[in-house]
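Please keep the view open as you read.

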Amino acid sequence: MSRAGRIARRGFLIGSAAVLGGVAFGAWRYGRPLPDPFMGDLPQGQSALNPYVLIDGEGVTLIAPRADKGQGSRWMQAALIAEELDVDPATARIEAGPVSAAYYNTSVLGESLPFRPTDRGWLAEAARGAVDVPSRLLGFQITGGSSSAPDSFEKLRLAGAVARETLKQAAALREGLDRKDLSTADGAVILPDGRAIPYTQLATEAAQIDPIDQVVLRDKSQWRWLGRKMRRGDIVAKSTGTQVYGADLRLPDMLYASVRAVPQGGRITSLDSADAEQMRGVRRVLQIGEAVAVIAETSWHAMQALQAVDLQWAAPDTAGNQDQIWDSLTQALDQGDVDSRLRNDGDVEAALADGQPVTAEYRVPFLAHAPLEPMNATVRVDADRCEIWTGTQVPDFVVSHVADLTGLPQDAITLHNQMMGGSFGRRLELDFIMQAVRIAAEMPGQPIQMIWSRAEDFTHDQPRPAQIARGRGLADKTGIRALDLAVASPSVTASWFGRVWMAPPGPDNTITAGAWDQPFAIPDYRVTGHRAAETVPVSSWRSVGASANGFFHGSFMDELFDAAGIDPLQGLIDACDDRVSRLVLEELRELSGWTGRDLRPGRGRGVAFCLSFGVPCAEVVEVTETPQGIRLDRAFAVADIGTVLDPVNAEAQLSGGMLFGLGHAMNCELTYRDHMPQQTNYHAYQAMRLYQAPQVQVRLLENGPVRGLGEPGVPPAAPALANAIHAATGMRVRELPMTRQLRFA
Amino acid sequence: MQVTVNGQTHDIDADPQMPLLWALREVLNLTGTKYGCGIAQCGACTVHVDGMAVRSCQLRLGDLNGEVTTIEGLGQPQALHAVQAAWIDHQVAQCGYCQSGQVMSAAALLMLNASPTDQDIDRAMSGNLCRCATYPRIRAAVHDAARRLAGS
């Protein structure tokens, strides 16, 4: 089926609408329209349009509906529109989209389906189309799952193309010419005699005519901006301290607040704030739910006063110590209740009974998101409205939850989504925003910026869950014959949905994502997910299930290759049954100059592969054993994202994702004691630092479908490093973080 | 109390126990300097006091003795410092929240060491945490900034 046909099936029509002083182009909904952000400004009788382009007398505005957490998606989205519209993205105004259920994300839910991403058969494709339905019901405007690029790729270019052709039509009508004789350049329609009519002068006329929706998207060979080195629109601001993040917002007469909450699920039993109330700069001390909040002249005063509050609490009725949590995971494996078994090729039990299986058990810890900008939200609550400034990945959920909390109608709530100082999945949560609203509701009309201390952030994260996996397998000189992997984890999906909406029924495929869906042909091959009890709230952490499963699967394949005396990179290539993935592995062999795992005594290389979010990604890490510990010398990564829309940024995401994965594998864990993580700041959670960062080389391929790259660089990093350490030292690291067993230089 | 920031002297009414970081961000509204950890572990709050890199979250106003330069005083979008120009050309930033501190640490390093090696850079800048792990571009941009300063 043609791409245009698919778009029609998905329910998109690109069209236009008159707006005050100009015209908007975007995606029309047919059927029952979803709430529209611009309906308030449209005359009666108009229906809903999700605008991506606004043109008025002032200029051209490109609207990027997906949030920017630092991955640069705002400029990628703008460039997609600009490429077809013929405006220079560097000179256009770029705005984040207002909150609208109509900006739903068709791509993110597709990743939860039980079809391997490399499966492009009719059933898998049909199911991906069907996911559109629950996604529509949910009305997702969500940024996550590396979905911004695939979700935007056609929609935004179509919006730009329809806008361009409609503006040409408006010019043709005005001048008595034929549209096909006109062209466009630099924000203007060019007439055959060379005269240029700026789009801004055609906006009101364009709003009066039927949009030209029969458009052909330009071939990539014609692209002027996409695929070429672009300068991110925020790069000057972010290099000069002039970028305003949520925490930098300053409103007139604003006060500051901070909170100290009891462990999640706990209850306050007593609270004595007498001393805190007497401290300088303190305006109010409040109990908000199971937390104490201080409103003060500065956030420093607020944080100081919080320390002076005597807070006693009762523990939640769940396991709150790390040992108990490990026990619950072991129990889930031992009991063997199957949550999912999405891969079950051949007969693993029979095959394993036929030989001496290699066995291994792996563990990964809880991991904090800990983006560098602490959680914050600025809120003003009035009798009939509420205004919120915060950085969030889920604006729809923010509005609906604030409506529930305040009793205000949704259209009385204005959310200004702010530039985010990182997220890694943390800003999929609503906790800090709800706290800020509750605080501001205590002082109506008063704008209050609530910001967490770093300790609050570490101790009240919903982390990546700790997980345990067991592998059994057989290999001979022809390759891996049998591989059985069992993974135990609480359900991130149930935990998160339970907080923001309601937990869905059925298995949680993210428990084995990054393991069951790998493109390898192994005769007897089984991957089973076992759902462990939810001991502490858990959430999506950059690359979600694949962050753990990449390590389990990638490490165990390496152990099997090693047992059979097979070169691990050649073994991966030979076992791979997906062309796009195999090309990635072959490119990595060339890029890394692979000649085998052994370099010389004390040095070694490791390789690992993981396909996540539809992106095959393979990485090689080289290490040296030194008297100061293991030193990471060089790291290489190759990924296939179909079409590289923004090469400078794509390289940054792949390099950054790999280093993010390495740093956490080496140095990071959260361990729980009495329901609270013991790590309270970066001194105990070092991640990657400059001195430990290896030299990096990355390469991007374009053989598969268009995909995003925010996450896929993470999963292969930990196993590539573990496999390199084995090559250099003979030691198998089966438990993360690696600093539990060894030192790094 | 008087503090001199970016060449301008301010009379501020603040607790001498308050760390400089909060005075910059929430009293003077100079928000280019960031709060990340509050315990000198992330470097996002790095400023210069008389040209030396200092973690402003640890320097109490009462102990401040010298002129403060923040990222806003180092250079502006229309008048970039060499380090900022290099940071822009190498497109170092991802989320960008740590980069004010990175730029200030790099600028202080280059005042002391005009042509640092990779090792010198690692030593001087490992206190600046970047959660996005932009480190390869940070190294490249510091070398580039050193060349620009040598050429100017």
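Here is a short report on the chains, their domains, and some of their helices and strands.

## The overall layout

A point to keep in mind from the start: this is a predicted model. Chain A has 745 residues, and 59% of them are buried. Its secondary structure comes to 19 helices and 29 strands. If you look at contacts in chain A between residues at least 6 apart in sequence, 78% join residues at least 24 apart.

## Domains of chain A

Chain A is divided into three parts: domain 1 covers 3–240, domain 2 is made of 246–316 + 375–451, and domain 3 is made of 336–367 + 462–740. The C-alpha centres of domain 2 of chain A and domain 3 of chain A are 37 Å apart. Where these two domains of chain A touch, 13 residues of domain 2 are in contact with twelve residues of domain 3. On the domain 2 side of that contact in chain A, eight residues are nonpolar, four are polar and one is charged.

Is Leu54(A) buried or exposed? Leu54(A) has 24 other C-beta atoms within 10 Å, and 20 or more count as buried, so Leu54(A) is buried. Apart from neighbours within four places in sequence, Leu54(A) is in contact with Val19(A), Gly22(A), Ala24(A), Thr61(A) and Ile63(A). For a sense of scale, Leu54(A) and His664(A) are 610 residues apart in sequence, and their C-alpha atoms are 43 Å apart in space.

Helix α2 (residues 73–85) of chain A has 13 residues. From first C-alpha to last, α2(A) reaches 18 Å, close to the 18 Å expected at 1.5 Å a residue. This helix is mostly covered, with 13 of its 13 residues buried. After α2(A) comes Asp86(A), which has a positive phi, near 60°.

In general, strands of a sheet pair through backbone hydrogen bonds, either parallel or antiparallel.

Which senses of pairing does β19(A) show? With strand β9 (residues 255–261) of chain A, β19(A) pairs in the parallel sense over three bridges. With strand β16 (residues 376–381) of chain A, β19(A) pairs in the antiparallel sense over four bridges. Met450(A) is a handy reference point here: Ala257(A) stands opposite Met450(A), and Met450(A) is also the bridge partner of Ala377(A).

Elsewhere in chain A, an open sheet of five strands with mixed pairing runs in the order β14-β22-β21-β20-β15. Its edges are β14 (340–345) and β15 (358–364) of chain A, each with a single partner strand, so one side of each has no neighbour in the sheet. Neighbouring strands of this sheet are turned by 10° against each other on average, direction ignored.

Strands β21 (residues 479–489) and β22 (residues 524–531) of chain A run parallel and are joined by eight bridges. Within this pair, Ala486(A) stands opposite Thr528(A) in β22(A). Helix α15 (residues 545–564) of chain A packs on the sheet, where it touches β15, β20 (467–476) and β21 of chain A. The direction of α15(A) makes about 25° with that of β20(A).

## Chain B

Chain B is divided into domain 1 (2–74) and domain 2 (82–151). The C-alpha centres of these two domains of chain B are 20 Å apart. Their contact takes 16 residues from domain 1 of chain B and 14 residues from domain 2 of chain B. On the domain 1 side, the elements of chain B that give two or more residues are β3 (46–49), β4 (52–55) and α2 (71–74). The largest share, three residues, comes from β3(B).

Notes. Residues numbered from 1 in each chain as written. Chains lettered and ligands numbered in written order. Predicted model: local features only at pLDDT ≥ 70, side-chain atom pairs only at ≥ 80, totals over all residues. Expected span 1.5 Å × (residues − 1). Buried ≥ 20, exposed ≤ 12 C-beta atoms within 10 Å, placed from the backbone. Pairing = 2+ DSSP bridges. Axes fitted to C-alpha atoms, helices over the stretch in contact; angles between N-to-C directions. Contact = placed C-beta atoms within 7 Å. Domains from an automatic or database assignment. Nonpolar A, V, L, I, M, F, W, Y, C, P; charged D, E, K, R; others polar.
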